[in-house]
Amino acid sequence: MTNSTTTTPAVGRGLLTAALATALALGAGPAATAAPDGAGGWKGEGGLTLNAADNAKVDTYVDRTKEAERSITVDVRAAALASGAELVGFEHRLKSPDSLKRKVATSLEEHPEQNVDTVLARLSDAVRYTLQWPDAAYTEGVTTASALLSAWGNDTTKWSNTWGRSGGYKGLNTGWRAPRSGQLFEVQFHTPASKHAQEATHLLYEEQRLPSTGPARKKELQARQDAMFAAVPVSPGADRLSPPVSPTAPLPTLAH
């Protein structure tokens, strides 16, 4: 099994060329769109709000992410093809404007010393993808896909491997910075079981992180999530996966 910390993935030039060509031919697809919020502010659930100026800045950020997503998607699709991954939930690769605004408003409420520009600069999942492999192929698949993304100039900004945790979320959530746009994006690496648990606990997690959710309810929600993730098998070597290192030999450069 390939170790992501020491070796470059053994992917043939022919396979890479085919993967890149297919990804480019497929294109990024149509960008997700959302209804305009109007000229005023924004109001969300749990009493969350954005004033008109902050709301306008988030709208501008949304437009920038739609543009950056196109070239990021080419890289991610090619890495998925070359590593044998299933690209799950591709139609949700752009976080919706309302979801972004909820996240920004929550951060501003929890950290009043921050401003909207600071929060937007740190958002890591406005563009996000999920790559999935069967348990037996998972560790090698992650090693290959992450090394390819790195070789194509995407810088690793986050590597949260929770496969070895005794409780809570199981999976590998990674953050990247695209080489041309500088856009931050997220790639989650899952098995079918871990992805199912993530989807089953999503609403619980969203309620848990609302500022209006009290401590007792948060504890109850966490316990329910822990129980679901406890049933997820851990693929051999998954808990030891670490960020890719620069390859010793150059890989084909992706043309954008």
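This is a predicted model: local features need pLDDT of at least 70, side-chain atom pairs count only at pLDDT 80 or more; totals for chains, interfaces and linings use all residues.
Q: At what angle do helix α2 and helix α5 pack, and how far apart are their axes?

A: Two helices that pack can be described by an angle and a distance between axes. Here α2 (residues 52-83) and α5 (residues 135-151) pack at about 145°, and their axes are 9 Å apart. The crossing of α2 past α5 is right-handed.

Q: Which residues of α2 and α5 meet?

A: From α2 come Asp 75, Val 76, Ala 79, Ala 82 and Ser 83. They meet Gly 141, Thr 144, Ala 145, Leu 148 and Leu 149 of α5. Sorted by class, this contact has six nonpolar residues, three polar ones and one charged one.

Q: Is Gln 198 buried or exposed?

A: A residue counts as buried when its relative accessible area is under 20%. Gln 198 has a value of 16%, so Gln 198 is buried. Gln 198 belongs to helix α6 (residues 192-208). Leaving out residues up to four places away in sequence, Gln 198 touches Tyr 169, Gln 188, His 190 and Phe 229.

Q: What span does helix α3 reach, and what is expected?

A: The span runs from the first C-alpha to the last, and the expected value is based on 1.5 Å a residue. Helix α3 (residues 97-110) has 14 residues and reaches 20 Å, close to the expected 20 Å.

Q: How many residues of α3 are buried, and what covers them?

A: The helix is mostly covered, with 10 of its 14 residues buried. Among them are Pro 97, Leu 100, Lys 101, Arg 102 and Val 104. The cover over the buried residues of α3 includes β1 (42-43), β2 (49-50), α2, α4 (116-122) and α6.

Technical notes: Residues are numbered from 1 along each chain as its sequence is written. Side-chain values use heavy atoms; hydrogens and water are left out. Axes are lines fitted to C-alpha atoms, for helices over the stretch in contact, and angles run from 0 to 180 degrees between N-to-C directions. Helices (H or I, at least four residues) and strands (E, at least two) are DSSP runs, numbered from the N terminus. A crossing is left-handed if the near helix is turned anticlockwise from the far one by less than a right angle, and right-handed if clockwise. Contact means heavy atoms within 4.5 Å. Ala, Val, Leu, Ile, Met, Phe, Trp, Tyr, Cys and Pro count as nonpolar, Asp, Glu, Lys and Arg as charged, and the others, Gly among them, as polar. Buried means under 20% relative accessible area, exposed over 50%, partly exposed in between (1.4 Å probe, protein chains only). The expected span of a helix is 1.5 Å times one less than its number of residues.
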